[in-house]
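Visitor: I'm new to this and would like to learn how to read a structure. Could you walk me through it?

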Amino acid sequence: MKYYEMFAGGPRASSIVLGLMRIEALDNASIAKLVGTARDAGVSVFDHADIYGTSRHGCERRFGDAVTFLPSEREQVVVQSKVGIRDGFYDFSKAHILDTVEKSLSALRMDHLDVLLLHRPDSLVEPSEVAAAFDALHSAGKVRSFGVSNHTPGQIQLLATEVTQPLIIDQVQLSLTHAPLIAAGLASNIGGLDQSIDLSNGLLDYARINDIALQAWSPFQSGYTGKVFIGDRDNYPELNDALDDLARDHGGTPTSIATAWLTRHPAKMQVVLGTTTPSRVAEAVAGSDISLSREEWYRLFRAAGYRLP
């Protein structure tokens, strides 16, 4: 497992993140087994959001019901949640941020979050309100560090005009078959090629320059069909051939190779799993330890349908 120092004095952050957006229907024993399997495999980061579940804070509440960390265990894990999505609009107001964090902590049965992420960009954001909320949460010991999700470099810079804490994470959709923030940079001066269109506004390089970890959500989901690309030979035959070949070569599985493709990148990449199946967690964790060569990494990139000019 690769680990990163996410913030000074905090626990090491694993390159595999367990996302909890689908646990609401599980019983307590199943949730505890999923989390226990992840912890035993070395996963130290657990991802929530206030909107996960059929009701607000639903998945956070189920986690709080099923999982209890001893004080010594709590200091070894990173628990993060997100705020800002409301019914039909986005809201980064101070009042909403503070209220949501209180309700998240109550649902999780915890006294602090290690990371709070702003979920989707709020076009009406007032950076001073975000800063005031972050300062209040940080000084009260309720949130240790902060980040964003689905934000561009410009949106991060706008927040930083007022926010004094470092924004250490940007959680974005990224997979082998949905990698515009990687692919655009490799075809940047090629006219007439859709791949050359930079939809991320240079986020990959910006994140590396500013030491921002990129957390990849939907890491096995196709950008074309919206379904899992692993095993989808109707739409991705060449990619699945490559995944199978490299899985044999490295003694892994296609899932572990798709994970390794992300964690091989020298940017601080973390893979956010959405699975509720413990064995899938183990496969992804194994992938974090696989070091693909440049030739292998680019073979997968090309097999996914991207071009090298």
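Visitor: How much space lies in the largest pocket?
Guide: A word on the source before that: this is a predicted model, in which local features need pLDDT of at least 70 and side-chain atom pairs count only at pLDDT 80 or more, while totals for chains, interfaces and linings use all residues. Residues are numbered from 1 along each chain as its sequence is written, and side-chain values use heavy atoms, with hydrogens and water left out. Now the general idea: rolling a probe the size of a water molecule over the atoms shows where empty space is left. On a 1 Å grid over the protein atoms alone, a pocket is an open set of points with protein on both sides within 12 Å along at least five of seven lines, a cavity is a set where a 1.4 Å probe fits but cannot get out, and lining residues have an atom within 4 Å of a point. Volume is the space filled by probe spheres set on the points, which are joined across faces, edges and corners. Here, the largest pocket holds about 580 Å³. It has 28 lining residues, and Arg22, Ser218, Pro219, Leu273 and Gly274 are the closest to its centre.

Visitor: What classes of residue make up the lining of the largest pocket?
Guide: Ala, Val, Leu, Ile, Met, Phe, Trp, Tyr, Cys and Pro count as nonpolar, Asp, Glu, Lys and Arg as charged, and the others, Gly among them, as polar. By that count the lining has ten nonpolar, twelve polar and six charged residues.

Visitor: Which helix gives the most to the lining of the second largest pocket?
Guide: Helices (H or I, at least four residues) and strands (E, at least two) are DSSP runs, numbered from the N terminus. The answer is α7, with five residues. α7 (180-186), α8 (203-209) and α12 (294-303) each supply at least two. This pocket has a volume of about 370 Å³, and among its 19 lining residues Ile182, Leu186, Leu204, His265 and Tyr298 lie nearest the centre.

Visitor: Which residues line the largest cavity?
Guide: They are Tyr4, Glu5, Met6, Ala13, Ile168, Asp211, Ala213, Lys268 and Gln270. The cavity's volume is about 50 Å³, and a search of the whole structure finds one cavity of 30 Å³ or more.

Visitor: Is Asp50 buried or exposed?
Guide: Buried means under 20% relative accessible area, exposed over 50%, and partly exposed in between (1.4 Å probe, protein chains only). Asp50 has 0% relative accessibility, so it counts as buried. Asp50 sits in the loop between β4 (45-47) and α2 (58-66). Its side chain makes a polar contact with that of Arg56, at 2.6 Å. Such a contact is a pair of N or O atoms within 3.5 Å; within protein, one must be able to donate a hydrogen and the other to accept it, and residues adjacent in sequence count only if both atoms are side-chain atoms.

Visitor: What is the phi of Arg109?
Guide: Most residues other than glycine have a negative phi. Arg109, not a glycine, has a positive phi of about 60°. Arg109 lies in the loop between α4 (94-108) and β8 (113-118) and is exposed, at 60% relative accessibility.

Visitor: How many aromatic pairs does the structure hold?
Guide: Rings of Phe, Tyr and Trp (its six-membered ring) pair if their centres lie within 6.5 Å; planes under 30 degrees apart count as stacked, over 60 as edge-to-face and the rest as tilted. The structure holds nine. Phe63 and Phe69 are tilted because their planes are at 55°, with centres 6.3 Å apart.
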